[in-house]
Amino acid sequence: MAKSLLVNLPCRESIPDYLQVITPTKAIARSLNVPHYSLESLAETVVKKQGWKIASALMASRVLQEAIRETWGDGDLVGIARKVAPTLNSLWHGGIDFEELQQYPSIRVKKLATLALVYQQKLREQKAIAPAELFWQASQTVNNTNSYLFYGYFTPGIERIAFINAIARDKSIICLLYT
């Protein structure tokens, strides 16, 4: 049997026992009368089992500043980090390959890709990942799948879809609401 996509859950009482329910909020879990377990906590569990830690905001900022100093030289490290971090996070969420991005003809893009790779390497030296790469890292390191019902994720990004696809065994269900 394959994975399924449902539009609206037919009946809350009809959730099969073999499915672990994954919801984004406690309120949604409560409405289904199930314990709350989110996609984020599932991904965190996967990466932590592999020995990775998720960099705190402070750690991520400090490591990014070190990477900026190493790749672009001294300057307003805090200001540059604040300016660059949202772009790096967006690229990570989008699943961009920074090694391929280095081949792009734009010098600015190449510099950004190099910075991202140095930043990632510095995090790896501390056995850490950036929070924005959580789902991609979890997708690559999944070694235990289960059957899930994903409910309440109405507009999942590509990184969440990749993780769902990696972690979900046959008979798993993604339920989208249609009103």
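Residues are numbered from 1 along each chain as its sequence is written. Because the model is predicted, local features need pLDDT of at least 70 and side-chain atom pairs count only at pLDDT 80 or more, while totals for chains, interfaces and linings use all residues; side-chain values use heavy atoms, leaving out hydrogens and water.

## The chain as a whole

The protein chain holds 8 helices and 6 strands. Helices (H or I, at least four residues) and strands (E, at least two) are DSSP runs, numbered from the N terminus. Read from the N terminus on, the order of elements is β-β-α-α-β-α-α-α-α-β-α-β-α-β. Along the principal axes, the C-alpha atoms of the chain fill a box of roughly 60 × 30 × 30 Å.

The chain has 179 residues, and 37% of them count as buried. Buried means under 20% relative accessible area, exposed means over 50%, and partly exposed lies in between (1.4 Å probe, protein chains only). A contact means heavy atoms within 4.5 Å. Among contacts between residues at least 6 apart in sequence, 65% join residues at least 24 apart.

Helix H4 covers residues 77–93.

| Helix | Residues in helix | Span, first to last C-alpha | Expected span |
|---|---|---|---|
| H4 | 17 residues | 23 Å | 24 Å |
| H6 | 19 residues | 27 Å | 27 Å |

H4 bends by about 35° at Val84, and Pro86 follows within four residues. The bend at a residue is the angle between axes fitted to the seven residues ending there and the seven starting there. After H4 comes Gly95, which has a positive phi near 80°.

Which residues of H4 are buried? They are Leu77, Ala81, Val84, Leu88 and Trp92. The cover over these buried residues includes helix H3 (57–72), helix H5 (98–101), helix H6 (107–125) and helix H7 (134–141).

In H6, the buried residues include Leu112, Ala113, Leu115 and Ala116, and also Tyr119, Gln120 and Lys122. The buried residues of H6 pack against H3, H4, H5 and strand S4 (128–129).

Two packed helices are described by the angle between their axes and the distance between the axes. Here axes are lines fitted to C-alpha atoms, for helices over the stretch in contact, and angles run from 0 to 180 degrees between N-to-C directions.

The axes of H4 and H6 come within 11 Å and cross at roughly 80°. H4 and H6 are therefore roughly perpendicular to each other. Angles of 65 to 115 degrees count as roughly perpendicular, under 35 as roughly parallel, over 145 as roughly antiparallel, and the rest as oblique. On the H4 side, Val84, Thr87, Leu88, Leu91 and Trp92 meet Leu112, Leu115, Ala116, Tyr119 and Gln120 of H6. By class, this contact has 8 nonpolar, 2 polar and no charged residues. Ala, Val, Leu, Ile, Met, Phe, Trp, Tyr, Cys and Pro count as nonpolar, Asp, Glu, Lys and Arg as charged, and the others, Gly among them, as polar.

H3 and H4 have axes that come within 9 Å and cross at roughly 100°, so H3 and H4 are also roughly perpendicular to each other. Leu64, Gln65, Ile68, Arg69 and Trp72 in H3 meet residues of H4, including Leu77, Ala81, Val84 and Leu88. The contact of H3 with H4 has 10 nonpolar, 1 polar and 1 charged residues.

## Residues in loops

Ala132 lies in the loop between S4 and H7. Is Ala132 buried or exposed? Ala132 is buried, with a relative accessible area of 6%. Not counting residues up to four places away in sequence, Ala132 touches Asn89, Trp92 and His93. Ala132 and Glu159 are 27 residues apart in sequence, and their C-alpha atoms are 9.5 Å apart in space.

Gln103, in the loop between H5 and H6, is exposed, with a relative accessible area of 62%.

Most residues other than glycine have a negative phi. Asn33 has a positive phi, near 60°. Asn33 sits in the loop between helix H1 (26–32) and helix H2 (39–49), and is exposed at 72% relative accessible area. Lys171 has a positive phi of about 75° although it is not a glycine. Lys171 lies between helix H8 (158–167) and strand S6 (173–176) and counts as partly exposed, at 40% relative accessibility.

Notes. Expected span 1.5 Å × (residues − 1).
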